[in-house]
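Please keep the sequence and the model in view while reading.

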Amino acid sequence: MSVRAGGIGMGALLWAAALTGCSSVTAEGHIVDGLTGEPIPGPYRIKARSTSRDVALTCQLFDTEVGADGAFKLEQLCSGTSYQLSTDRDDLWLVEIDTIPEGGFGQPTDLTAWRVPKGSGVYKLSGGELTMLRTASNVEQDTIFGTDQTVRLPDTLPEKVDRIDTGDYLVLVGKATIEEMKLVPLVPSGPRKFGTAEEPYARNEPWWYLGTKFTDDTTFERVEARPDASKVVDKSKDDRAGRFIAGGALPAGRYALLKDDDKRMFLLDFGAAPAEAPVPAPAPAPAEP
């Protein structure tokens, strides 16, 4: 310590001031789910990291365990800095309030967390459990008979697909996922003829087609999935983004989720279970002349 005549050196004064700034601030409240408003129970930890490098090392980082009721209490924070908040769970994202201001909140304050993992992906959120979905089928394409139009379809229909029921959410994670992935209705149809007059072929069993409703082999209507905007929640901050599509956002039925140029698709049921799925059709065979 440097000491000058008549008093303490400047370095010592700054060190002492930093120490006196600590142990004076408490931040407490609950971690609550952004969709339900209900507490997200622990155990997990919430962390507070100082936004300033000018405070003492003892003021830089604090953490505490979140209780079974979602409650947290960060004590002995320093008054000379604000704190960036995070949790040790990859799937909990603090958006609306993610910083303790200098001097604290001044009163118990709940923190809203959203179930948006880091990175990108497609998930189902049900009963508080977040599970990653898997692609279910390859994408095939047929030429609609007598036209220059094509129709996409799944090459197989699994016996079971994920269902987004009332109270569940389809969760799209990542800006590219949200911008590029599209929900498309799967529309059932009876046997259909495809191809050209010179090279026709048939699907001789019922099948489901993406966004296309057939009246007959050459007459069709394109249909779209239009989620109810009031049942879709978007969250975005910095380089992180999430979209929550409620189970009631779309009419009950089966849907595909994919990008325009994807070779694989997700298959999902929204709402009530659909009618019995058509069995896989045999390989296309030349149509009878």
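A polar contact is a pair of N or O atoms within 3.5 Å; within protein, one atom must be able to donate a hydrogen and the other to accept it, and residues adjacent in sequence count only if both atoms are side-chain atoms. By this criterion, the side chain of serine 137 reaches the backbone oxygen of threonine 156 at 3.1 Å. The model is predicted, so local features need pLDDT of at least 70 and side-chain atom pairs count only at pLDDT 80 or more, while totals for chains, interfaces and linings use all residues. Residues are numbered from 1 along each chain as its sequence is written, and side-chain values use heavy atoms, with hydrogens and water left out.

**Serine 137**

- Serine 137 belongs to strand β13 (residues 137-143); strands (E, at least two residues) and helices (H or I, at least four) are DSSP runs numbered from the N terminus.
- Serine 137 has a relative accessible area of 0% and is therefore buried (under 20%; exposed is over 50% and partly exposed in between, with a 1.4 Å probe and protein chains only).
- A further polar contact, at 2.9 Å, links the side chains of serine 137 and aspartate 155.
- Beyond its neighbours within four places in sequence, serine 137 is in contact (heavy atoms within 4.5 Å) with residues including Lys263, Arg264, Met265 and Leu267.

**Glutamine 60**

- Glutamine 60 lies in the loop that runs between β4 (44-50) and β5 (61-66).
- Its C-alpha atom is separated by 4.9 Å from that of serine 50, 10 residues away along the chain.
- The side chain of glutamine 60 reaches two backbone oxygens: that of serine 52 at 3.4 Å and that of valine 55 at 3.3 Å.

**The open sheet**

- Four strands form an open, antiparallel sheet in the order β5-β4-β7-β9, where pairing requires at least two DSSP bridges between two strands.
- Strands β5 and β9 (99-100) each have a single partner, so one side of each is left without a neighbour in the sheet.
- Strand β7 (residues 83-87) is joined to β9 by 2 bridges, and glutamine 84 stands opposite threonine 99 in β9.

**The nonpolar core**

- A nonpolar core is a set of buried Ala, Val, Leu, Ile, Met, Phe, Trp, Tyr and Cys residues joined through side-chain atoms within 4.5 Å.
- The largest such core has 24 residues, and among those touching the most other members are Tyr83, Leu85 and Ile100.
- Elements giving two or more residues to this core include β4, β5 and β7.
- Isoleucine 100 is in contact with residues including Leu74, Leu77, Tyr83 and Leu85.
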